[in-house]
Structure formats: structure tokens, C-alpha cells
Amino acid sequence: MLPTLTERAQLDAGWRWANRFAALGPDFYTELAPQGVPEPYWVAASRATASLLGLGEDALASSAWLQALAGHGHLEGARPLASVYSGHQFGVWAGQLGDGRALLLGELAPPPGHGAGSLELQLKGSGLTPYSRMGDGRAVLRSSIREFLCSEAMHALGVPTTRALSVIGSDLPVYREEPETAAVVARVAPSFIRFGHFEHFSFGNQHDLLRQLADHVIDQHYPACRSTSAFGGNSYAALLHAVALRTAQMVAQWQAVGFCHGVMNTDNMSILGLTIDYGPFQFLDTFDPGHICNHSDHSGRYAFNRQPQVAYWNLFCLGQALLPLIEDQDLAIAALEPYKSSYADAFARHMRAKLGLADLTLESDPSLIEDLLQLLARNRVDYTIFWRRLSHMAGGTDPTTLRELFGDRPAFDAWLLRYSELLRLIPQGKAADLMLKSNPKFVLRNHLAEEAIAAAKQKDYSLVQTLLTLLESPFDEHPGMDAYADFAPAWAAGIAISCSS
Ligand code: AMP
Ligand code: MG
């Protein structure tokens, strides 16, 4: 018999299960126990995410938590369930989907006075559910490590994201393009509700359930929408508007940091504007606006530079799904419209921060950012290294290594001159300080993830740990670790990451 965690052992800081999603009722999910992976072992754990739940280091070393996070045993008070949703995949209505290999264990409410909000704990890769379709309910070690590291990396970059608590490995064979082994990722977020949950009940003409879901999301996560006078006091239009704004903020950060999600289907869009479902994502190496990181995306629907428009398209699907509640198409369109300016403003703000020019409007040189992006693309410059070297140049270092990134030096020098004019308006040191906090030294490049995965397949998890440490503070210098901030090797161009995970 596998361990049942006692309430005392569950959570050091006195968190209790709230399970408000479960309270919505069985139309929204199927309750079932996880099917744990055999003979589990720790691959990685995030102390930072654990501390969000009041879990200390001892929990992350305990066999009770190892078993629980591998899908064995029972956490007292948890109500494991797989939720049902639908969605548009690659622009096409896919019908019913749902948590095919994820299980929501439950929602944890903080003790009174804790100051934190509730958090849901979900296992991914914990076995078949009624929504598994042709899948096996499992996740492979490879994609689990990628999801774990990227969740924590994105958080440290300041990008809204679901968090990752752990990766638990097992020798259970799992077959994808080749035999691999299973893993379970534990994810943490205030909610895992997706646009697709709304589409499910709307397209199924279950409008009472749609309203129940929308009311749940408003009450739990967007209470201001209830009392708003905007949109004629229509809370559902206000919800759509609020989600559009959060989504705009998230995608603006993706574009600024050079993150390509890869599978922006509506079932992979969080109602809270969190980055969710890390699959074939990629941080750009060289700046290629049309870069397609998902090997399965033959049309380039989810290419890097299409992400802002795709998010808007997805928001339209959400708007359409909410229409039975909003009851006014013009109002729905009005709620979505601010996405465009919100995205543009947020993107410009992030780019000004990257340039160290946060307080400047750039009115005197409005095409400075666009011209730079074109230069980076034409010269196939490494995106992350460029910004870091520019930051150091602003701090007074010699610009030689920065200029070396460009084949067309005269064109870059001309841009640098324009930029230097503006930089002169910022107090010395201030720009460089801001830039070093806005331009990470370390991002989870594909080849780094591949190396960590290759070692992990040999049961050496030290590189996963090293990357976690670097990515948890990506703006710090980390002396001696420059190799992890270097250009991608030539073989990285041959890495093909597909939807298979
Ligand atoms: P994704 O593209 O990973 O977001 O997954 C799309 C849908 O397929 C979701 O409903 C997943 O739960 C489901 N799915 C993906 N992989 C598997 C798998 N190995 N077993 C069961 N369901 C899966
Ligand atoms: Mg998904």
C-alpha cells in the first residue's frame, strides 16, 4: 500500500484544500485517481514553487511526496479530476478534448493571513483519462524536463506562466517516435482553465454551464468585472476585455524576450493570461521573425511573428464562445478591440526597457525599434546575446564584440549612432542598470535543454539542476557559467521539436 499523506505531512504551512473547480459539478470533469508511474524517482524539483505551497526542502526529499507527485497514494482532501474542454487546433474546430493526461489534484487555499491566493496542483502524465483519445495518458521525460525548466525560466523572466513543482521519472517505457521513458510533471497555477473550456460549453449549447463557468472565473479571478460600469455593466464583456488585456501583456513579453510558444491552439490559452502547455516552444537563437519552432506546424501558423495576431484570433474564439452571455456582438468586439493598443503599448514598453530608454517616448526617432529588429533579422544576429552586449556597451564597455555580431557594420553603426543620441539623455548608469535587468544573460535555448535531457536519460540530473539555477536568476552574471550563455552550436539548427511529447 502506498502512503497516504496525513494532513500534517501534506503542507507545512497549514494550507487546506478548497477545490472550487470541483465544486462546479460533474458536467465539468470526471473524477478519477491518478495512475502513478512505477518505481518513481526525483528528477528535479523547484524549491521556489514548493515554497509557494508552504512546502519546505524536507518535502522535496521525502518519499511520501515522491509517491504523491508520481501519482501514487492519496493526498487527503484532494479531489483528483480530469476536466473537459474543447478547442480550435491549428485554426480548425477540434471538438471535445480535455485533460487527456493531466489531473487536477485540487486547489490549495492558504492559511488565513498568508497573503497568497489559492493555487491548483496538477499532475501531467499521470495516466489515461476519459479524454485521452488515442493517447496513452503519459508524458515523456524529454518534454517534462523542457516544461519544468521553461516554466521556472519564464517566471524568473517576469513572464506570466504556470509554475512547475517537480519532475518525477520512471523507467516505464513510453513510445513516441522512438522508445522513451515516462515522467510526471507537477504544475501549479491559480487556475488551469483555458479558452477551450468556454468553447466547450458554448459550442455544445450548454449555456447554463457556460454561465456557471464564467461566473466561477469572474468570482475567483476577475472580481472587478462583477462591479464594473464599463461595457454597460455587462460582466461577461468585462471578463472578455480583462482576458484580452492580460493576453496582450503576456504575448508582448513573449515577443520582447524572443519566446515562441509553438502550439497556440485555443485549448492552450489560459483564461488568466498565463503561458501554459509548454511543448515545442523555443527561445530564438538568431533573430528570425518568421521562425517556426514546431516541426509539426507545416504552414507556419504559429511562427514567432504571428503570435500577436494568433492570440487575437484566439481571443475572437473566446469572444464568440462568450456571446450567448454577452448577448451583443458589438459589445464583444468592443471588449476585444483594446487588445491591439494594449499589445502595442506593452511591446513598446518592454523594448524601451531593453534599450534602457524606459522613460523616453521615442517621439524623436519613432522607427528606432523597428529598424533595429530589421537589422537583427537581416544580419541573423543572436537575439539574447545582442541585447546583453548592448547592455554592457551602455554601461561603458567597448562596442567591438557588439559590432562583430553584424555582417553589415555600416548599417549597424548608423543605427548605433541614432541610439546613442537618445542614450545620452538618460543619466549615466541608469540605462545600463535597467538593461541588465531587462535583457537576460541566460535563456533556455533548445540545445541546452537537449544536453540536459541527454544526460537525464543516463540518470544524470546535474545539468537540469545547473540550468534551473541559472534560469532562476537569468539576469545575474553567474561567473564561470558563460558557456551556458553562448551562441547555439551548429547542431542546434538540426533540432526538430514536434508536438510529440
Ligand atoms: P497538447 O497539444 O499537448 O496541448 O494536447 C492536446 C490534447 O491532447 C489535450 O487534450 C491533451 O490532454 C491530449 N494529449 C496529448 N498527449 C496525450 C497523451 N500522450 N495521452 C493522452 N492525451 C494526450
Ligand atoms: Mg494542451
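The following legends describe close-up views of a predicted model.

In this predicted model, local features need pLDDT of at least 70 and side-chain atom pairs count only at pLDDT 80 or more, whereas totals for chains, interfaces and linings use all residues. Residues are numbered from 1 along each chain as its sequence is written, chains are lettered from A and ligands numbered from 1 in the order in which they are written, and side-chain values use heavy atoms, with hydrogens and water left out.

**View 1. The largest pocket and its lining.**
The largest pocket holds about 850 Å³ of space and is lined by 36 residues. Gln 89, Arg 101, Arg 133, Cys 499 and Ser 501 are the lining residues nearest its centre. Helix H5 (141–156) and strand S13 (179–189) are the elements that give two or more residues to this lining, and H5 gives the most, with three residues. By class, the lining comprises twelve nonpolar, twelve polar and twelve charged residues. Domain 1 (5–195) and domain 2 (228–350) each supply at least three residues to the lining; these bounds come from an automatic or database domain assignment. A pocket is an open set of points on a 1 Å grid over the protein atoms alone, where a 1.4 Å probe fits, with protein on both sides within 12 Å along at least five of seven lines; lining residues have an atom within 4 Å of a point. Grid points are joined across faces, edges and corners, and a volume is the space filled by probe spheres set on the points. Ala, Val, Leu, Ile, Met, Phe, Trp, Tyr, Cys and Pro count as nonpolar, Asp, Glu, Lys and Arg as charged, and the others, Gly among them, as polar.

**View 2. The second largest pocket.**
This pocket has a volume of about 460 Å³. Among its 24 lining residues, Gln 282, Asp 285, His 291, Ala 492 and Ala 493 lie nearest the centre. The lining consists of 14 nonpolar, six polar and four charged residues.

**View 3. Helix H5.**
H5 has 16 residues and spans 23 Å from its first C-alpha to its last, close to the 22 Å expected (1.5 Å times one less than the number of residues). Of the 16 residues in H5, 14 are buried (under 20% relative accessible area; exposed is over 50%, and partly exposed in between, with a 1.4 Å probe and protein chains only). Gly 158, which follows H5, has a positive phi near 85°. Helices (H or I, at least four residues) and strands (E, at least two) are DSSP runs, numbered from the N terminus.

**View 4. The salt bridge between Asp 171 and Lys 459.**
The closest N and O atoms of Asp 171 and Lys 459 are 2.8 Å apart, and the pair is one of 24 salt bridges found in the whole structure (a side-chain nitrogen of Lys or Arg within 4 Å of a carboxyl oxygen of Asp or Glu). Asp 171 belongs to strand S12 (residues 163–175) and Lys 459 to the loop between helix H18 (446–457) and helix H19 (462–472), 288 residues apart. Asp 171 is partly exposed at 47% relative accessible area, as is Lys 459 at 44%.

**View 5. The salt bridge between Arg 194 and Asp 277.**
Arg 194 and Asp 277 form a salt bridge with closest N and O atoms 2.8 Å apart. Arg 194 lies in the loop between S13 and helix H6 (195–203), and Asp 277 in the loop between strand S14 (259–260) and strand S15 (282–283), so the pair ties together parts 83 residues apart in sequence. Both Arg 194 and Asp 277 are buried.
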